[in-house]
Every structure is written in C-alpha cells, then in structure tokens.
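Please walk through this protein model from its overall make-up down to single residues. Keep the viewer open while reading.

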Amino acid sequence: MNIKEYNKEDFWRAVILYGLNQATYKIALGESLIRFSEKGKNFISMNELAEDFFNMYLDRLKNGKPQLANPNRKTAMERIISLYNLNKLSKTQAIERVEREAFNDVIERFHTVDKVEIPLKFYEKTKEGLVILDNIYEVFSDAKNFELKQELKSRWDLLESAFEIKHGESELINDIRKFYLLKGYERTDITHNRSVLYGYQNGVCFYCAELMMEKDIHVDHVIPRQLIHNDEVWNLVLSHGYCNTSKSDYLPNKNYILKLIERNEYLIKSNHPISNKLKLQLGNTPKHRMSFVFKVYEDAQKVLAPWTGINGYNPVTDPFYKTFVRELIYNNT
Ligand SMILES: [Zn+2]
C-alpha cells in the first residue's frame, strides 16, 4: 500500500469512523489528541491525559449512556467516575486510577482498524506519555476542522446508541427509529443526518465531488423523494445547494447509483447502529443490496426524466473512490 495516495484525513477517518468499537475510548482519545494539539502541545504526560479523560467522561457520563458494548460490564472510566460521584475517591485519586486502569488498551490499539494497522501514526507512545506527531497538526489545520470534530462527536453518540440497543433499552430504539428511519410521507428533519453522512462521502459533494463548505451542505434524496416517499438513510447523500438544485427531481445516471451503493456499504461496514436496519431493508449481502437498489432505480427510470450529472464530474477523479478505508474494505471482504 502506497500511503502517499491517501491524504492524512483518510487515516484519521478510518480510525474514528470505522471498526468494531467495543467501547468509546478510541473516540475519547481522538478528542484528547485534538484538544492538546490545539493548545500547541507536542507531548502529553500520562497524568495529563488521565486528567483530560477524567474531565471528559465526568461531563459525558451525565447523559447516563453506556460506554461499553457488553451490557454486563462497565468501563474503567464509568467505575471511576461513579466512585468519584459517590465521594469515595478524591479528584486526585480518581485521576491516578484513570492513569493506571483506563487506557492501556486504547493507546496500543488506536492505530488499528479491523485488525489492520494504519501506515500513518498520530502519536508515539513513550514511557512517560504520548509524543504528538505532526500528522495531527496537518489534519487539524484547515476549514475542515469543524466537520472532523462533528464526525467525532456524532460517532460517539452513535456508539452509545448502539450500546444502548445491545443493552435492550427499547425507548431509545424508538428514538433512533424516529431519528433515522421514520417511514411514511411526512418529511423528517433530515438535516440531522448531515454529520453522520459527511465522513462517509469523504467530505465532498456527492454529485460534483468538490469540497463542501459548512454553510452550503444540503441533504438530498438520490432517487427523488416523489418516487420513494420516505427519508431512509440508504437514499440520502450530501451535496452543494447548487448541485442539489440542478439535479432537482430528475433521476441521476448510473454512475451515481453505483456510488450510492458503495456509500451504503461504507455505512454498513462502520458498525453504525443503522447497519442492521440497512441489511434488513436492502439485503444481507452486498449482492442482494445492489440488486435491491437497482430494482428501485429501474422502476424510477420508467417514470422520471434522466439527469446526466454535474458537468465535468468523473468517477475516475472522484476523491470518494480514493480513500484508505475503501482499500481496507475491499481487501478484507
Ligand atoms: Zn457539488
């Protein structure tokens, strides 16, 4: 694998957005790394990291949501914060315990995605702490910071939701259903999907493949809503306002349908809480899912006028197809 083919954001996204997370530690460590790099630090002692984890989880756990997939256990962070809240540990004692118990695993595994070690590192571990490498500064140094941070935040929310489902908390399952999957004719507030979808199309507009700026990101139905009559995530993508408008209620050409099929495979691969729902709706195997979407597309072709796409769009140069995660998925399945 030639790592120069990928930009550094790709590797960051591979770590944050993919893989079978059993706990939320990786996301927390990602957040710590951003925070320390924003302060211009290039070394974090284990004690500083422990204090940051302590403060982060103290705040986070106020939401009462599980941080571990296994419903019969709790993470070290949950145990320590709960003892602190019961006044059984002082803040200093709690931070010491975080340092001893909480992050042995995550520091070792941060750079591993689905058993594959990414070829680029964001820190190096020494006896005393973490040396933050320039790669982090390069990823978090431009206008995309906002979206990358949002992705991290929504990934954390999603993991908690996924764990709650495993813990069998049905009220939340209903919430998620409402949030992502509401059927019927009423429009849901589909802008909620924005930060979920952004990372999975590599931050570029679905139709023209150019970068999107924060103020100009629209959620669009690839196969027009007037035919589908719902807001299911498998058919939603992000685009510029202009590209959205020029597509309007026309039916995009096959290139875009193939791209949509592949984007859905990314969502499924991400251990996203809706991945089971997508399998249920579209099929259990990539082949079944592809024929489901093609069937809908063929039906749509009978009634909708075609749209050839944004002038100059070419899948060959589309950054969507040039991600590290894509290589990872295609080499592992
Ligand atoms: Zn566009």
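This is a predicted model: local features need pLDDT of at least 70, side-chain atom pairs count only at pLDDT 80 or more; totals for chains, interfaces and linings use all residues.

The chain holds 16 helices and 9 strands. Of its 333 residues, 53% are buried. The accessible surface of the chain comes to about 16100 Å². Carbon and sulfur atoms account for 49% of that surface. Now take the contacts in the chain between residues at least 6 apart in sequence. Among these, 73% join residues at least 24 apart.

Turn to the sheet. Three strands form an open sheet in the order β1-β5-β4, and the pairing is antiparallel. β1 (43–45) and β4 (123–125) are the edge strands, each pairing on one side only. From one strand to the next, the twist averages 20°. In general, strands of a sheet pair through backbone hydrogen bonds, either parallel or antiparallel.

Look at each pairing in turn. β1 and β5 (residues 129–132) run antiparallel and are joined by 3 bridges. Within this pair, I44 stands opposite L130 of β5. F43 has V131 in β5 as its bridge partner. A hairpin joins β4 to β5 through 3 residues.

Which strands does helix α2 lie across? Helix α2 (residues 25–38) lies across β1, β4 and β5, and runs at about 60° to β5. Helix α3 (residues 46–60) packs on the sheet too, touching β1, β4 and β5. The direction of α3 makes about 80° with that of β1.

I95 counts as buried because its relative accessibility is 9%, and the cut-off for buried is under 20%. Leave aside the neighbours within four places in sequence. I95 is then in contact with N47, A50, E51 and F54. The C-alpha atoms of I95 and A50 are separated by 5.7 Å, although the two residues are 45 apart along the chain.

Next comes another strand pair. Strand β6 (residues 218–221) and β7 pair in the antiparallel sense over 4 bridges. V219 stands opposite L238 in β7. In a regular strand, side chains alternate between the two faces of the sheet. How is strand β7 (residues 236–239) covered on its two faces? L236 and L238 are buried on one side, and V237 and S239 are buried on the other.

Now find the metal. Which residues coordinate the zinc ion? The donors are C205 (SG), C208 (SG), H240 (ND1) and C243 (SG), at 2.0 to 2.3 Å. The angles among the 4 donor atoms are 97 to 120°, and the site is tetrahedral. In sequence, the donor residues follow the spacing C-x2-C-x31-H-x2-C. C205 lies in the loop between α10 (194–198) and β6, and C243 lies in helix α12 (residues 241–247), so the pair ties together parts that are 38 residues apart in sequence. Both C205 and C243 are buried.

Two more residues close the tour. R225 lies in helix α11 (residues 225–228). Is R225 buried or exposed? R225 is buried, because its relative accessible area is 12%. R225 and N235 are 10 residues apart in sequence, and their C-alpha atoms are 9.1 Å apart in space.

L304 sits in the loop between α15 (286–303) and β9 (306–307). With a relative accessible area of 11%, L304 is also buried. Not counting residues up to four places away in sequence, L304 touches P224, Q226, L227, D249 and L251. L304 and P252 are 52 residues apart in sequence, and 9.7 Å apart from C-alpha to C-alpha.

Note on methods. Residues are numbered from 1 along each chain as its sequence is written. Side-chain values use heavy atoms; hydrogens and water are left out. Two strands pair if DSSP finds at least two bridges between them. Axes are lines fitted to C-alpha atoms, for helices over the stretch in contact, and angles run from 0 to 180 degrees between N-to-C directions. Contact means heavy atoms within 4.5 Å. Buried means under 20% relative accessible area, exposed over 50%, partly exposed in between (1.4 Å probe, protein chains only). Accessible areas come from the Shrake-Rupley method with a 1.4 Å probe; for residues, only the protein chains shown count as cover. Donors are N, O and S atoms within 2.8 Å of the metal (3.2 Å for Na, K and Ca); water is not among the atoms, so sites may look incomplete. Four donors count as tetrahedral if all angles lie between 85 and 135 degrees; four count as square planar and six as octahedral if opposite donors are over 155 degrees apart and all others between 65 and 115; anything else is irregular.
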